[in-house]
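Trainee: Could you go through a structure with me? I would like to ask about a few residues and then about some strands.

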Amino acid sequence: MFEARMVRGYVLKKILDAIKDLVNEASWDCSASGMSLQAMDTSHVSLVAVQLKADGFDRYRCDRNLTLGMNLTNLAQIIKSAGNDDIITIKASDEADKITLIFEPKKDSETWEYELKLMNLDSEYLGIPDTSYSVKITFPATKFQRICRDLAGVGDAMTIACTKDGVRFSSKGDLGSGSVKLSQTASADKPEEAVIIKIEEPIVLTFAIKYLNHFAKATPLASQVTLSLSKDVPLVVEYLINGDDEEEIGYIRYYLAPKLEEGDE
């Protein structure tokens with residue numbers, strides 16, 4: 001028997017909004033410790049990883065490990081019908097060929113129930129190696145979202161240049177070029193507005209803006225985002241998901257390989 005009940009059902013809605021345009025089909029791996037998902041996007045350029053701890057649910061039961069393969073677009077369509085204040089419960093039997101979704105509006109006595117057919121997906125769990133990154137930038141998620149959106153109007157690639165003076169995001173295209181520079185700022189009063197830059201060595205890497213804009217759809221889930229960069233390894237864009245008590249209950253991480261410069265092998 002599997003059952004996961006979340007009073008803050010809007011968290012599940014926002015997670016699906018953040019990944020459904022990148023990944024059409026994926027498997028949720030359910031265990032006693034929580035739910036996790038890992039999948040390549042449809043073009044096999046980026047990777048998304050999601051984790052929700054069992055502690056993040058108001059009631060969580062998983063009698064044995066389960067893999068729930070599903071069409072995320074269909075799941076998002078069903079969960080979209082839940083209100084932002086609804087309590088959402090996901091249920092499945094041990095030999096399930098479908099999951100049951102229950103929506104309970106907090107102020108009403110009604111209960112909505114849906115069933116979604118499960119799929120047998122050939123999914124290989126990719127081992128992501130621990131990497132020491134040359135640069136880590138933590139800053140407001142809304143700022144990253146704006147940078148991606150605005151520079152996408154200039155070109156289709158974004159260069160991230162990190163030096164001891166700060167971090168510059170830039171793009172250039174047929175109409176010209178644009179850039180924005182971030183410098184380290186700390187705010188004791190509003191830590192969610194802080195910009196924290198840790199640089200072990202200068203680095204310049206370029207990425208496809210289209211994917212960064214997809215990643216930025218996770219902005220409603222977190223006040224801050226962390227970018228981790230090193231030469232010759234994928235960029236990691238991480239959003240930590242917090243509960244009502246501000247304790248971390250999970251994360252969304254996106255991985256994107258840098259674009260090769262002309263002349264690179």
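Trainee: Let's start with E95: does that residue count as buried or exposed?

Mentor: Keeping in mind that this is a predicted model, E95 counts as exposed, because its relative accessibility is 67% and the cut-off for that word is over 50%.

Trainee: And which residue does E95 form a salt bridge with?

Mentor: The partner of E95 is R64, and the closest N and O atoms of this salt bridge are 3.1 Å apart. E95 lies in the loop between β7 (87-92) and β8 (98-104), while R64 lies in the loop between β5 (59-62) and β6 (66-71), so the pair ties together parts that are 31 residues apart in sequence.

Trainee: How does R64 count in terms of accessibility?

Mentor: R64 counts as partly exposed, with a relative accessibility of 37%.

Trainee: What does D63 form a salt bridge with?

Mentor: D63 forms one with R61, and here the closest N and O atoms are 2.8 Å apart. D63 is partly exposed at a relative accessible area of 46%, and R61 is also described as partly exposed, with 42% relative accessibility.

Trainee: How many salt bridges are there in the whole structure?

Mentor: A search of the whole structure finds 12. One of them links K190 with E193, whose closest N and O atoms lie 3.9 Å apart, a value that still counts because the cut-off is within 4 Å. K190 is partly exposed with a relative accessible area of 42%, and E193 is partly exposed at 44%.

Trainee: Okay, changing topic to strands: how does β11 run relative to β12, parallel or antiparallel?

Mentor: Strand β11, which covers residues 157-163, and strand β12, which covers residues 166-173, run antiparallel and are joined by five bridges.

Trainee: What about β12 and β13, how many bridges do they pair over?

Mentor: β12 pairs with β13, residues 176-182, over seven bridges, and the sense is antiparallel. These two strands form a hairpin with two residues between them, and G173 stands opposite G176 in β13.

Methods. Residues are numbered from 1 along each chain as its sequence is written. This is a predicted model: local features need pLDDT of at least 70, side-chain atom pairs count only at pLDDT 80 or more; totals for chains, interfaces and linings use all residues. Side-chain values use heavy atoms; hydrogens and water are left out. Two strands pair if DSSP finds at least two bridges between them. Helices (H or I, at least four residues) and strands (E, at least two) are DSSP runs, numbered from the N terminus. A salt bridge is a side-chain nitrogen of Lys or Arg within 4 Å of a carboxyl oxygen of Asp or Glu. Buried means under 20% relative accessible area, exposed over 50%, partly exposed in between (1.4 Å probe, protein chains only).
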